[in-house]
Structures are given as C-alpha cells and as structure tokens.
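Open the model in a viewer and follow the stops below in order. At each one there is something to select, followed by what is found there.

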Amino acid sequence: MSPRIKSKVFDEGSCLGEAVVIPTKSQSFQFPNNEIRITRLSPPSERCRPLSVLLTISPLSVCCKIESGLSQDQPLLNSLHFTCLRDRKTAVVSAGEEDLHLVAMMSKNENYPCFWCCSVPVGLYEPCLAMLNLRCLAIVFDLDETLIVANTMKSFEDRIEAITRRISDEDDPGRISGMSAELKRYLEDKALLKQYAEGDHVLDNGRLIRAQNEEVLSVSDGRELIVRPVIRLQERNTILTRINPEV
C-alpha cells in the first residue's frame, strides 16, 4: 500500500487545512517541502472535464490523490473543492518545470472531497484548454516542414507571392484592402518564424520568449522520447516548433 503523507494546503499565504497525499502505485511522489501551495486557479473548462484534458495531453500524469478528510472540519478546503468542481477549474501548484493540477473529484468510498494531482509541463494545460473551448486548433509554424498541415517558411513565401500577384491584378479598392491586410499578417508571421529559426526565440510585443524543450513519444514506435523546442504564444493561438528536432 502506498504511504499516506499529511500535508498542509495553502492558497498563496493562507492555510486552507490539511490533506492526506496518497501517491499512485506507479509513482513515488511528494510535494515540495511537503506543502501543497496553490498559486492560481486554471481557466474554466467549457467543453470537457479537466481530468479528461489532462489525461489527453499527459496520459501518465496522475502522480497522487489528495483526500481532505472530514468535510465539516475544513470549510476553506471544502470551498476550494466545490469551486473547482462547479466551475471545472483546477487548482495549480507550481513545481519548477512542472505544473501540478489538482482536479476536484468525489471519493468513491467516503462522502468527502478529494483531488487527483496531475503533472504537466509548465504552460501546456491552458493553451490546450483554450483550443478546446474555442473549438479551434492553434496555428502551427513548423520549421522543418514535416507536418502535413502547418505553416512553414516555404508555405509563407508561396502565399505571399500569390497574394502579391492578386493585389497587382485587382482594381477593387475594398478587395485590395482585404488582401493587403492578409499579406501583412503573412509577412508578420513569416518574420516570427524566421526569428525562431535563427535563435529558438521570438520577440512578441517586446517580450523575448525562448523555446522550451518538451518531451513527446516518437510516432514511429511510441517508445522513444523525442525532445522538441517549442514556443507557445497563447494570445496569438500560435505554436512554433521543430517536429523533427534534428533537422
């Protein structure tokens, strides 16, 4: 049986109560300093349960379960659980390069709240959630042109050339204005991809954003781990990456 560890739960500086941490059978897990310090709540999930989202983006992410004990004894912790359950939010604990998402669940055996703790790379959950909520995939800029559907340097150049020709042949001012705006977007996106290609970083609204390495399983055999440099621009709904990092 996995060892049960008692840990205090904090929402920033406020203590919400005490919980029992039960690591999963496959993992040995402990919170930093044996304290559960929540830094924020995630955005609400409008379409899927948070656990479904987390298990999709990180199938082996469940590292422990957290039981709050008797519900009447810890109203602040119970209130957090109720809020997360009602609004489909997760409570997030920052742990270096990982975000620990506490997903509100109901205990099967006892009538008191519990959480499942899922570990995912920093910043991965929110962009995936945004795509699901908007029912819209992110624009992927793929430097090495190994994705079937992606925006590459070559595809940008082809589109820019095609729109430029259409503008030169067009007489209608309204259509010229629309095509010019589209051309401007492609030029900006091409410049963004060029920055990424030259230094694995981009400037976005004056902020220097560097690529973060993300581990994924190889498509060929599903066993080998591949590390890819990835930049996620959540506000632009844009991802820059090398699908084949060796190219």
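**Stop 1: a pair of helices**

Select residues 153–169, which form helix H4, and residues 173–199, which form helix H5. This is a predicted model. Packed helices are described by two quantities, the angle between their axes and the distance between those axes. For H4 and H5 the angle is about 160° and the axes lie 10 Å apart. An angle over 145 degrees counts as roughly antiparallel, so H4 and H5 are roughly antiparallel to each other. The crossing of H4 past H5 is left-handed.

Now show side chains where the two helices meet. Which residues make the contact between H4 and H5?

- From H4, select Met-153, Phe-156, Glu-157, Arg-159, Ile-160, Ile-163, Thr-164, Arg-166 and Ile-167.
- From H5, select Ile-176, Met-179, Ser-180, Glu-182, Leu-183, Tyr-186, Leu-187, Asp-189, Lys-190, Leu-193 and Lys-194.

Coloured by class, this contact of H4 with H5 shows 11 nonpolar, 2 polar and 7 charged residues.

**Stop 2: the whole protein**

The protein contains 5 helices and 14 strands. Among contacts with a separation of 6 or more, 59% are between residues 24 or more positions apart.

**Stop 3: a histidine in helix H2**

Select His-81, which is found in helix H2. Is His-81 buried or exposed? Its relative accessible area is 3%, so His-81 is buried. To see what surrounds His-81, leave aside its neighbours within four places in sequence and display Ala-104, Met-105, Met-106, Pro-113, Cys-114 and Phe-115, with which it is in contact.

**Stop 4**

Most residues other than glycine have a negative phi. The next two selections have a positive one.

Go to Glu-12, in the loop between strand S1 (5–11) and strand S2 (14–23). Glu-12 is not a glycine, yet its phi is positive, at about 55°. With 56% relative accessibility, Glu-12 counts as exposed.

Then select Arg-88, in the loop that lies between helix H2 (75–87) and strand S6 (90–95). The phi of Arg-88 is also positive, near 55°, in a residue other than glycine. Arg-88 has a relative accessible area of 32% and is therefore partly exposed.

**Stop 5: a loop valine**

Select Val-122, in the loop between strand S8 (113–121) and helix H3 (125–134). At a relative accessible area of 45%, Val-122 is partly exposed. Which residues does Val-122 touch, not counting those up to four places away in sequence? They are Gly-96, Glu-97, Glu-98 and Asp-99. Draw a distance between the C-alpha atoms of Val-122 and Glu-97: the separation is 5.6 Å, although the two residues are 25 residues apart along the chain.

**Stop 6: cysteines**

A disulfide is a covalent bond between the sulfur atoms of two cysteines. How many disulfides does a search of the whole structure find? It finds 0.

Cys-48 has 27% relative accessibility, so Cys-48 counts as partly exposed. Cys-128, at 14% relative accessibility, counts as buried, because the cut-off for buried is under 20%.

Note on methods:
Residues are numbered from 1 along each chain as its sequence is written. This is a predicted model: local features need pLDDT of at least 70, side-chain atom pairs count only at pLDDT 80 or more; totals for chains, interfaces and linings use all residues. Side-chain values use heavy atoms; hydrogens and water are left out. Axes are lines fitted to C-alpha atoms, for helices over the stretch in contact, and angles run from 0 to 180 degrees between N-to-C directions. Helices (H or I, at least four residues) and strands (E, at least two) are DSSP runs, numbered from the N terminus. Angles under 35 degrees count as roughly parallel, over 145 as roughly antiparallel, 65 to 115 as roughly perpendicular and the rest as oblique. A crossing is left-handed if the near helix is turned anticlockwise from the far one by less than a right angle, and right-handed if clockwise. Contact means heavy atoms within 4.5 Å. Ala, Val, Leu, Ile, Met, Phe, Trp, Tyr, Cys and Pro count as nonpolar, Asp, Glu, Lys and Arg as charged, and the others, Gly among them, as polar. A disulfide is a pair of cysteine sulfur atoms within 2.5 Å. Buried means under 20% relative accessible area, exposed over 50%, partly exposed in between (1.4 Å probe, protein chains only).
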